[in-house]
Amino acid sequence: MHIAIAGAGVAGSYLANMLQRSGHNVEIFESSKAEHYWPVCAWGASRHMLERFSDQAGLHFGNYVFHVGRKLRLELPNGNHEYLDLKGLVTYDKHGWENDLLKDVKVTYGAKVTIEKFKFDKYDYVIDCTGLHRSLLPKSDQDFLIPAYEYLLENVQGIDEYYIIGYKGAKGYFWYFPLDNGRGYMGAGDVMKKYFGVEEFFKQHPEAKIVKKIGRPIRLAPPKRMEPFSDGNIIGVGESIGCVFPMLGEGIIPSLICCDIFLNVLDKVNGKFDLKQYRKRVLDRFDYYDDVYRIVRLKMEGKLSAIRHVNLMMSMYRNMKKEEKRFGFEVSLDKMTRLVNAL
């Protein structure tokens with residue numbers, strides 16, 4: 001098949017690599033210029049999962065690891081702290097990983113794909129991997145984004161582990177993820193746009209130097225609320241159709257899982273991609289994300305009840321526990337309950 005991909009982020013680069021390895025004719029279009037392209041997010045995810053996807057794409061993930069975590073410190077609004085044991089959470093060279101995925105792929109940088117100007121009829125399928133922009137698909141009236149800023153830092157001293165502050169009412173969170181050689185990613189997403197923790201971090205670490213500052217909203221709406229997944233010969237994959245874990249705003253692993261669903265459905269194609277099967281598989285795989293999203297929104301609205309919404313809480317716990325290695329940290333019912341109650 002002749003396939004175009006809009007967006008060279010984690011979903012676009014991995015999908016392009018895998019499609020080309022399967023013998024398809026792939027072109028990828030990235031709106032940023034090559035010298036300005038930079039993968040956003042904190043560059044942290046489960047080593048267990050990233051090793052699997054790297055193996056499938058012909059890469060050795062060990063070459064990209066920056067920091068292997070041991071503990072994650074959670075600072076709660078009630079003044080308490082929780083510590084999570086980490087089970088494979090790492091930060092990695094996301095920029096290098098995505099570049100290596102695209103080594104043998106035709107990439108056109110500085111090319112924004114738009115509905116008005118792109119020649120869609122040249123391709124069997126055009127894949128929307130534009131993330132939060134969802135540039136080629138109809139907008140969803142249930143979409144939900146929170147404003148966020150992130151900072152790539154260097155010369156950070158005195159902190160070498162993962163650190164998160166949860167905001168009251170689940171309105172957002174602050175994070176710091178260590179990279180290597182005194183570098184780290186720090187940032188905050190906040191519905192109220194106050195970004196608590198950022199100014200405090202710089203006061204505590206005046207030695208830290210800002211290398212990059214990026215403003216980028218984070219999508220929390222899950223796939224169930226981001227339909228349609230397709231429009232004509234356009235198909236959405238990854239964050240563009242809500243493959244982000246709502247409690248954490250984490251999209252790397254969900255987006256890659258969505259890519260594999262797309263590839264598995266495509267493997268069975270005899271002439272035409274089965275959009276109904278793709279939709280069903282995406283909705284089934286990410287079904288419990290909607291329960292997590294409902295918990296977050298109820299908490300934001302001050303309506304979450306431990307009694308009335310116990311089924312939602314148990315759904316989140318049971319599914320996260322089953323996927324503990326996918327998250328890269330321990331999933332404890334006691335700690336999860338204390339965390340949700342404290343927010």
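Student: Against which helices do the buried residues of helix 7 pack?

Tutor: Helices here are DSSP runs of H or I with at least four residues, strands are runs of E with at least two, and both are numbered from the N terminus. Buried means under 20% relative accessible area, with exposed over 50% and partly exposed in between, for a 1.4 Å probe and protein chains only, while contact means heavy atoms within 4.5 Å. On that basis the buried residues of helix 7 pack against helix 5 (252-267), helix 8 (310-322), helix 9 (324-327) and helix 10 (333-342).

Student: What kind of model is this, and how are its residues numbered?

Tutor: Side-chain values use heavy atoms, with hydrogens and water left out, and residues are numbered from 1 along each chain as its sequence is written. Local features need pLDDT of at least 70 and side-chain atom pairs count only at pLDDT 80 or more, whereas totals for chains, interfaces and linings use all residues, since this is a predicted model.

Student: How many of the 14 residues of helix 7 are buried?

Tutor: The buried residues of helix 7 include Y288, Y289, Y293, I295 and L298, and D290, D291 and K299 are also among them. Helix 7 is thus mostly covered, and the count of its buried residues is eleven.

Student: How far apart are the end C-alpha atoms of helix 7?

Tutor: The expected span of a helix is 1.5 Å times one less than its number of residues. For the 14 residues of helix 7 (residues 287-300) this should give 20 Å, which agrees with the distance between its end C-alpha atoms, 21 Å.

Student: Which residue with a positive phi follows helix 7?

Tutor: The phi in question is near 70°, and the residue that follows helix 7 with this value is G302.

Student: How many residues of helix 5 are buried, and what distance does helix 5 reach from its first C-alpha to its last?

Tutor: Helix 5 is mostly covered, with 14 of its 16 residues buried. At 1.5 Å a residue the expected length is 22 Å, and the distance that helix 5 reaches, which is close to this, is 23 Å.

Student: Is E239 buried or exposed?

Tutor: E239 lies in the loop between strand 18 (234-236) and helix 5. Leaving aside neighbours within four places in sequence, E239 is in contact with G131, L132, R216, R219, V244 and S255. With a relative accessible area of 12%, E239 is buried.

Student: What is the strand order of the open sheet with six strands?

Tutor: Two strands pair if DSSP finds at least two bridges between them. Strand 17 and strand 18 run antiparallel and are joined by two bridges, and D231 has I234 in strand 18 as its bridge partner. The pairing in this sheet is mixed, and the order is 8-2-1-9-18-17.

Student: Which are the edge strands of the open sheet with seven strands?

Tutor: That sheet has mixed pairing and the order 6-5-12-13-14-11-15. Each edge strand pairs on one side only, and the two are strand 6 (81-85) and strand 15 (209-215).

Student: Why is strand 12 said to be largely enclosed by the rest of the structure?

Tutor: Both faces of strand 12 are covered, with Y162, I164 and G166 on one side and Y163 and I165 on the other. Strand 12 (residues 162-166) is largely enclosed because the number of its five residues that are buried is five.

Student: In what sense does strand 12 pair with strand 5, and in what sense with strand 13?

Tutor: L74 stands opposite I164 in strand 12, and Y163 stands opposite Y176 in strand 13. Four bridges connect strand 5 (residues 71-75) with strand 12 in the parallel sense, while the four bridges between strand 12 and strand 13 (residues 172-178) join strands that run antiparallel.

Student: What is the radius of gyration of the chain?

Tutor: The chain has ten helices and 18 strands, and 57% of its 343 residues count as buried. The radius of gyration is taken over C-alpha atoms, and the globule rule is 2.2 Å times the number of residues to the power 0.38. For 343 residues the rule gives 20 Å, so the chain is as compact as a globular protein of that length, with a radius of gyration of 20 Å.
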